[in-house]
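Q: I have a protein model open and would like to learn to read it step by step. Could you guide me through some of its features?

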Amino acid sequence: MTVLLIFSIALLVAVLLSELADRSVLSMAVLFLLAGFLCGPGMLDFIRLTPDDPIVQRLAELALFSILFTDGMRLNLLEFTSKWRLPGRALLIGLPLTLLGTAALGHFVAGLSWLEALLVGAILSPTDPVFAAAIIGREEIPLRLRHLLNVESGLNDGLALPIVLALMALVGHEALHVGGLAGELALGVALGVAVPWVGCRIERSRFFSVRKSYEPIFAFSLGLLVLSLGLLTHANLYLAAFAAGITIATVRPDLRKEFHQFGEIVAELLKLAALLVFGVLMSPRFFSEVPVSGYVFAGLALFAVRPIAIAIALIRSGLDWREQITAGWFGPKGFASVIYGLLIVHAAVPGADRMFHLVAIVVTGSMIAHSSTDVLFARWFRRAEARL
């Protein structure tokens, strides 16, 4: 009940400040992160949670699933395939370079073994669709750049997952089951495509008809069914969510308009609740346990690795320098990295606590830095457009 009360108060304050936040560097994400930190252990001590608590992982999973499903609803498959060139560069060149660059920092700066460093690099390589949504939703940003960031953040979680699981097995000296990993990914995509497609075909048959006012709930029910089946079958939830959103947007493009406002609200509430819980984990003691080298690692991982990797990936891409800088900066780390970090804690991988601390510091810094700068970048493009 205490968690619900604190969330309610934080939500009310956030809503009252929302207009100011939209015009300034004030961030709703940081507000909830700060609320969780202040109410957690070592501060007001109203809420006590650990990374092992099921609520932490479940809430982060739900938030990430909902935002990926909502993001997928923005992409019609025809639009997706015709504009693959830029996201492809980010995914096929930028993602591996980010992983390797972060791993090098983990080994030489943070003092991890090479296998541990590669595991941390894999955990931190995906960008987060939750925080990327802040810049994707701003119309001042060029459409091709928003498309790049949206597709990249939607797909790279699923691409990084098999690498994370493989490296977990190697660090923990366990047998690597490649077939099982591939099966989870393939099943996630299959569920994400099949369930909405069948549901939309049934709805279009002469026996059924959905009232217009119920269309958002129809889309929501399809997403909920994909989530339920994914949990039961141990499919990759994140690829399932993104594939389901894309399928609905392709088969029933009219539904995405009806679902937009409803879906955004659900995703936003889950995101803010997950941020509150994550803030509780970031106690003063937690920060004090990270050595100076860990903070140096976090700073370089945020401010150097991603921008350099994307700059290389986007050479001769046709994007102007403003767009390239924006693409390089908006590689926020978030729920996917937290979930993957929690995976190594739950699996009791050797050195998991140290690795999770590094991941959490990078994610916290990213949440603060990236969620507070989308307004500044939007103004930058608006002023540039006004001068033309």
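A: Gladly! This is a predicted model. Let's start with helices: a helix here is a DSSP run of at least four residues, and helices are numbered from the N terminus. In helix H4 (residues 54-72), for example, Arg58 and Glu61 lie three residues apart, about one turn of the helix.

Q: Which residue forms a salt bridge with Arg58, and how far apart are the closest N and O atoms?

A: A salt bridge pairs a side-chain nitrogen of Lys or Arg with a carboxyl oxygen of Asp or Glu within 4 Å. Arg58 pairs with Glu61, and their closest N and O atoms are 2.4 Å apart.

Q: Is Glu61 buried or exposed?

A: The idea is to look at relative accessible area: buried means under 20%, exposed means over 50%, and partly exposed lies in between. Glu61 has 12% relative accessibility, so it counts as buried. Arg58, at 45%, is partly exposed.

Q: How many salt bridges does the structure hold?

A: There are 11. One of them joins the side chains of Arg144 and Glu323, at 2.8 Å from N to O. That pair links distant parts of the chain, with Arg144 in helix H9 and Glu323 in helix H16, 179 residues apart. Arg144 is partly exposed at 40%, while Glu323 is buried at 3%.

Q: Which residues are linked in a network of salt bridges?

A: Glu203, Arg204, Glu215, Arg252 and Asp254 are linked in this way. Within it, the side chains of Glu203 and Arg204 meet at 3.9 Å, N to O. Glu203 is buried, with a relative accessible area of 10%, whereas Arg204 is exposed at 55%.

Q: Where is the kink in H15 centred?

A: The kink is centred on Ala301 and is about 40°. Ala301 is also among the buried residues of H15, which include Phe297, Leu302 and Val305. The buried residues of this helix pack against H6, H7, H9, H16 and H18.

Q: What does Thr98 touch, leaving out residues up to four places away in sequence?

A: Contact means heavy atoms within 4.5 Å. Thr98, which is found in helix H6, touches Ser125, Val305, Arg306, Ala309 and Lys333. With a relative accessible area of 3%, Thr98 is buried.

Q: Which residues form a nonpolar patch on the surface?

A: Look for Leu92, Ile93, Leu97, Ile308, Ile312 and Ile315, which together have about 540 Å² of accessible area. Helices H6 and H15 each give two or more residues to the patch, and H6 gives the most, with three. Ile315 is found in the loop between H15 and H16.

Conventions: Residues numbered from 1 in each chain as written. Predicted model: local features only at pLDDT ≥ 70, side-chain atom pairs only at ≥ 80, totals over all residues. Heavy atoms only, no water. Patch = residues over 30% accessible without salt bridge, like charges linked within 9 Å, V, L, I, M, F, W, Y side chains within 5 Å. Areas by Shrake-Rupley, 256 points an atom, 1.4 Å probe, with all protein chains shown as cover. Bend = angle between axes of the 7 residues up to and from the residue. Buried < 20%, exposed > 50% of the residue type's maximum accessible area, 1.4 Å probe, protein only.
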